[in-house]
Amino acid sequence: MPNFNHARFLPQSVGSVLGQTYSDWRLIVSDNASTDESLQVLAGFDDPRISIIRQDINVGLMPNINLLLGQLTGDFSVVLPADDWWEPTFLEETVSMLDAH
């Protein structure tokens, strides 16, 4: 999840990941030197599947996404913008479709 100054959206976006019916996931949030309360909001999520990376300077959207892509270790990956959210069955349905092919 790339983030820059989206503290107001993080409760819903991160919450939508926490509420997934598929529970074998890892969320990496790369904060792109936000100047709002993003880090404080993210610190409020207590789940070992969530990792937070903090950029010291704003590197721009695509370099921030590329940094995230370099952290991936799983079989499947999805980029969730910080101002978006998933329906509860999103990961379950997506993994099921990908496994079928």
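In the predicted model, the side chains of R49 and D47 meet in a salt bridge, with an N to O distance of 2.8 Å. The two partners fall into separate accessibility classes, since R49 is partly exposed with a relative accessible area of 25%, whereas D47 is buried at 15%, the limit for burial being under 20%. The count of salt bridges comes to 2, and the other pair joins the side chains of D31 and R54, with 2.6 Å from N to O. Because D31 belongs to strand β2 and R54 to strand β3, this pair ties together parts that are 23 residues apart in sequence. In general terms, side chains of opposite charge can pair when their charged atoms come close.

Strand β3, which spans residues 50-54, also contains S51. This residue, S51, has a relative accessible area of 26% and is therefore partly exposed. When neighbours within four places in sequence are left aside, the contacts of S51 are with R26, L27, I28 and V29. The C-alpha atom of S51 is separated by 18 Å from that of L61, a residue 10 places away along the chain.

Helix α3, comprising residues 61-69, contributes N64, I65 and L68 as buried residues. These residues cover an arc of only 100° around the helix axis, so that they lie on the same side of α3. Such an arrangement can be related to the geometry of an α-helix, which has 3.6 residues a turn, so residues three or four places apart point the same way. The cover over the buried residues of α3 includes strands β1 (2-3) and β2 (27-31).

With regard to aromatic side chains, a search of the whole structure finds 1 aromatic pair. This pair is formed by W86 and F90, whose rings are stacked, with 4.7 Å from centre to centre and 25° between the planes; the angle qualifies as stacked because planes under 30 degrees apart are assigned to that class. As for solvent accessibility, W86 counts as buried at 13% relative accessibility, whereas F90, at 29%, counts as partly exposed.

Terms used:
Residues numbered from 1 in each chain as written. Predicted model: local features only at pLDDT ≥ 70, side-chain atom pairs only at ≥ 80, totals over all residues. Heavy atoms only, no water. Helix = DSSP H or I, 4+ residues; strand = E, 2+ residues; numbered from the N terminus. Buried < 20%, exposed > 50% of the residue type's maximum accessible area, 1.4 Å probe, protein only. Contact = heavy atoms within 4.5 Å. Phe/Tyr/Trp six-rings, centres within 6.5 Å; stacked < 30°, edge-to-face > 60°. Arc of directions from axis to C-beta. Salt bridge = Lys/Arg side-chain N within 4 Å of Asp/Glu carboxyl O.
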